[in-house]
There are 2 protein chains.
Amino acid sequence: MVNKKSDKSTEEKILEAAKAVFTEKGLDGARMQDIADKAGINKALLHYYFRSKDKLFEVIFLEQAAKFMPGIIDMLTSDMPFFQKIEKFVDVYISVLIENPLLPLFILNEVNKNAQGLAKKIWGGGKPPIAGVQQAIDKEVKKGIIKPISALQLMLNMVSLCVFPFLAKPLVQFISQTNNAQFNQLMEARKKEVTKFIIDSLRK
Amino acid sequence: MVNKKSDKSTEEKILEAAKAVFTEKGLDGARMQDIADKAGINKALLHYYFRSKDKLFEVIFLEQAAKFMPGIIDMLTSDMPFFQKIEKFVDVYISVLIENPLLPLFILNEVNKNAQGLAKKIWGGGKPPIAGVQQAIDKEVKKGIIKPISALQLMLNMVSLCVFPFLAKPLVQFISQTNNAQFNQLMEARKKEVTKFIIDSLRK
DNA sequence: GTCTATATTCCGATAGAC
DNA sequence: GTCTATCGGAATATAGAC
């Protein structure tokens, strides 16, 4: 084994390199040459494995999109205690983002450039079952545990608080004067902060 | 006056068109031809007024960046009542975003691609005076009005809750099944929701 | 200042040898 | 399967007439 990559299949090396380049530069900014270089092969081979840049991109995008879309609806409609659902969601989601800090910007960028096409390719054509979330909330309201709130607004709040700091990572690092490791510490600490912020707001 | 644009200077027409195309497509995705078409002129004239695509982009970027960076620090250190500061910030910021929904993604994208260069071009080299915000918060804590919180985390929360829905606008529209006008209504309603959400969380 | 026409560079994609 | 060499188109940028 000469280096770390030599025991991986060529296809795996390409996918790994493509993920890195696409998530950093976006579809338009990425260069097939860069992907080839990073994978340690040449351009022609990229076209041999994946017909075109667009095809390669689509593979990467769908793979990453699945990672980005949190199972927030499933989680909020599960049978865990309500506040525990929130804590779990925040914890898991921020952990994913610490491991994949470029993910949110990558996904949102491409969804915006391709609004109608991609948004529906991620989910099926079906509507998201947001009504179930509203029922779960209303149940807690009736029990007198939380204040009334719209399911959409609550989900927006939860996702916003988790994701935005990563979208604005360079700005946050500038304002907080932190390096990468310190930024991750900050986000680790933020798990508790966000959970507390949400629960304190909901609690009656 | 034949049309709306005929009484504007050529430079103004270019800037207007460039803003529209760059904010929609980003630096890499934008085409000089598209900008020329939208401005009602030809490509050569773009280079006559601005030397290159990059130069033109920089003008647009700096102009838009100023709009995006909210005066959150100034606002939080002003002498308004504390909860009123929050309400005002949310109201003003979401209004700006309703008028410029593409602004956040545009800015964050380019800041990320150019982390070191642009972040410092926006502000001067100086550190942001976040310490003043912490003092303003601590004062309210001592008065017994709010719970203790880090200035950075609070500012992150406030900005996250306002900005993220616009970054994820296509996804939000899909989930909430809304058209543009309905989305704007949703964001208008969100002003009160976000203000309430933040204040409920901070209040003792 | 504004245009048409053209030069130049870059990049995705293909051809063909091994 | 993998490579080198090259094509062909697209996009930025320039030259030069008006």
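Predicted model: local features only at pLDDT ≥ 70, side-chain atom pairs only at ≥ 80, totals over all residues.
**Overall build of chain A**

Let's start with the fold. Of the 204 residues in chain A, 49% count as buried. Among the contacts in chain A with a separation of 6 or more, 67% join residues 24 or more positions apart.

Chain A is divided into domain 1, covering 1-51, and domain 2, covering 61-202. Taken over C-alpha atoms, the centres of these two domains of chain A lie 30 Å apart. Where they meet, seven residues of domain 1 of chain A are in contact with eight residues of domain 2 of chain A. The area buried between the two is about 560 Å², and carbon and sulfur atoms give 58% of it.

By class, the side of domain 1 of chain A that touches domain 2 of chain A has two nonpolar, two polar and three charged residues.

**The interface of chains A and B**

Now for the contact between the chains. Here 51 residues of chain A are in contact with 52 residues of chain B. Together the chains bury about 4800 Å², with 73% of that on carbon and sulfur atoms. On the chain A side, A:F164, A:F174 and A:F197 lose the most area to chain B, and together they make up 15% of what that side buries.

Polar links are present here as well. The interface of chain A and chain B holds two salt bridges, and eleven residue pairs are in polar contact across it. Several helices of chain A each supply at least two residues of the side that touches chain B: helix 1 (10-29), helix 7 (103-113), helix 10 (151-167), helix 11 and helix 12. Which helix gives the largest share of that side? Helix 10 of chain A does, with twelve residues. Sorted by class, the side of chain A that touches chain B has 30 nonpolar, eleven polar and ten charged residues.

A:I130 lies in helix 9 (residues 130-142) of chain A. A:I130 and A:K113 are 17 residues apart in sequence, and their C-alpha atoms are 25 Å apart in space.

**Salt bridges**

A search over all chains finds 18 salt bridges in the whole structure. Some of them are listed here.

| Partners | N to O distance |
|---|---|
| A:K147 and B:D200 | 2.9 Å |
| A:K8 and A:E16 | 3.1 Å |
| A:D200 and A:K196 | 2.7 Å |
| B:E16 and B:K8 | 3.0 Å |

Salt bridges with shared partners join A:K147, B:K196, B:D200 and B:R203 into one network.

In chain A, A:D200 and A:K196 both sit in helix 12, four residues apart, about one turn of the helix. Is A:D200 buried or exposed? With a relative accessible area of 13%, A:D200 is buried, because it falls under 20%. A:K196, at 44%, is partly exposed. A:K8 is partly exposed at 32%, and A:E16 is partly exposed at 38%.

**A backbone detail at Q177**

Most residues other than glycine have a negative phi. A:Q177 is not a glycine, yet it has a positive phi of about 55°. A:Q177 is found in the loop between helix 11 (169-176) and helix 12 (180-202) of chain A, and its relative accessible area of 42% makes it partly exposed. In chain B, phi of B:Q177 is also positive, near 50°. B:Q177 is found in the loop between helix 11 (169-176) and helix 12 (180-202) of chain B, and counts as partly exposed at 41% relative accessibility.

Key. Residues numbered from 1 in each chain as written. Chains lettered and ligands numbered in written order. Heavy atoms only, no water. Domains from an automatic or database assignment. Contact = heavy atoms within 4.5 Å. Buried area = accessible area lost by both parts, 1.4 Å probe. Nonpolar A, V, L, I, M, F, W, Y, C, P; charged D, E, K, R; others polar. Buried < 20%, exposed > 50% of the residue type's maximum accessible area, 1.4 Å probe, protein only. Salt bridge = Lys/Arg side-chain N within 4 Å of Asp/Glu carboxyl O. Polar contact = N/O pair within 3.5 Å; in protein donor to acceptor, adjacent residues only side chain to side chain.
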